[in-house]
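Hi,

Here is the structure I promised to pass on.

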Amino acid sequence: MKIPLTLNNKKTVFTAETTDTLLSVLRRLNLYSVKCGCEKGICGNCMILLDGEPVPSCTIPAGIIRDRKIMTLEYFKTDPCYQDIVQGFNQAGIHMCGYCNAGKILTTYSILKKYYRPSLEEIHSAIKDLDCCCTDYATLTNGILYAVAAKHTREGKKQNGKK
């Protein structure tokens with residue numbers, strides 16, 4: 001079947017079988033930031049942004065993404081928030097192994113988007129199922145908090161509704 005969509009900010013049409021997952025289609029398109037992990041939608045290694053929200057691509061049937069917007073980590077690297085996240089992760093001493101990057105980075109992005117000042121409980125809730133093979137959850141939490149600070153610095157501090 002032919003499926004029109006926007007992939008990494010470009011309108012495209014790709015061909016997929018009804019049994020294909022989005023993960024398998026993206027891998028065939030040489031988008032290797034999506035990794036095959038648990039294949040149950042839990043670990044986060046195949047994370048993408050679907051209409052701006054992080055989702056595991058291994059659980060998404062290719063047939064239901066018609067006319068949707070998909071962003072992989074390859075393209076997300078052009079977003080200013082990506083640099084905030086990398087800066088925060090570097091400050092926390094997080095090593096980016098490459099295998100679980102999409103899950104860590106795109107989950108952090110969703111936290112930055114959703115909360116101005118996320119609580120520890122909100123962060124822990126968002127990262128609880130990630131399979132971060134290269135860092136522990138306390139260090140990842142610190143990296144997210146540093147990323148929040150980097151984003152605030154980049155955007156300018158708001159005081160009384162003014163920059």
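The protein chain has an average pLDDT of 91, and 96% of the residues reach at least 70. The stretch to be careful with is residues 159–163, where the pLDDT is below 50. Beyond near neighbours in sequence, that stretch has three contacts in the model. Where pLDDT is low, the predicted coordinates should not be read in detail.

At its N-terminal end sits a cap: a side-chain oxygen of D136 lies 3.1 Å from the backbone nitrogen of A138. After the helix comes G156, with a positive phi near 90°.

What does α6 pack against? Its buried residues sit against α3 (80–92), α4 (101–114) and α5 (120–127). Buried positions in α6 include T139, L140, G143, I144, A147 and A150, and also K151 and H152.

The largest nonpolar core has 25 residues. Those with the most contacts inside this core are F76, I85, F89, I105, I127, L140 and I144. At least two residues each come from β3 (47–50), α2 (73–76), α3, α4, α5 and α6. Which element gives the most? That would be α4, with six residues. Apart from this core lies another one, of 20 residues, with L5, L22, L23 and V55 among them.

Next, D84, which is in helix α3. Is D84 buried or exposed? With a relative accessible area of 3%, under the 20% cut-off, D84 counts as buried. Not counting residues up to four places away in sequence, D84 touches A147, A150, K151 and R154.

N45 is another one to look at, in the loop between α1 (22–28) and β3. Its relative accessibility is 1%, so N45 counts as buried. Leaving aside neighbours within four places in sequence, N45 is in contact with S33, V34, K35, G37, Y99, C100, A102 and D131.

On to the cysteines. How many disulfides are there? The count comes to zero. Sulfur atoms would have to be within 2.5 Å to count. For C43, the nearest cysteine sulfur is that of C38, 3.8 Å away, and C43 is in no disulfide. C43 is buried, at 7% relative accessibility. C46 is in no disulfide either, with the sulfur of C58 as its nearest cysteine sulfur, 3.7 Å away. C46 is also buried, at 2% relative accessibility.

Most residues other than glycine have a negative phi. N30 is not a glycine, yet its phi is positive, about 65°. You will find N30 in the loop between α1 and β3, and at 49% relative accessibility N30 counts as partly exposed. D51 is also a residue other than glycine with a positive phi, near 50°. D51 lies in the loop between β3 and β4 (53–56), and D51 is partly exposed, with a relative accessible area of 39%.

That's my tour; over to you.

Cheers

How values were computed:
Residues are numbered from 1 along each chain as its sequence is written. This is a predicted model: local features need pLDDT of at least 70, side-chain atom pairs count only at pLDDT 80 or more; totals for chains, interfaces and linings use all residues. Side-chain values use heavy atoms; hydrogens and water are left out. pLDDT is the predictor's confidence in each residue, from 0 to 100. Contact means heavy atoms within 4.5 Å. Buried means under 20% relative accessible area, exposed over 50%, partly exposed in between (1.4 Å probe, protein chains only). Helices (H or I, at least four residues) and strands (E, at least two) are DSSP runs, numbered from the N terminus. A polar contact is a pair of N or O atoms within 3.5 Å; within protein, one must be able to donate a hydrogen and the other to accept it, and residues adjacent in sequence count only if both atoms are side-chain atoms. A nonpolar core is a set of buried Ala, Val, Leu, Ile, Met, Phe, Trp, Tyr and Cys residues joined through side-chain atoms within 4.5 Å.
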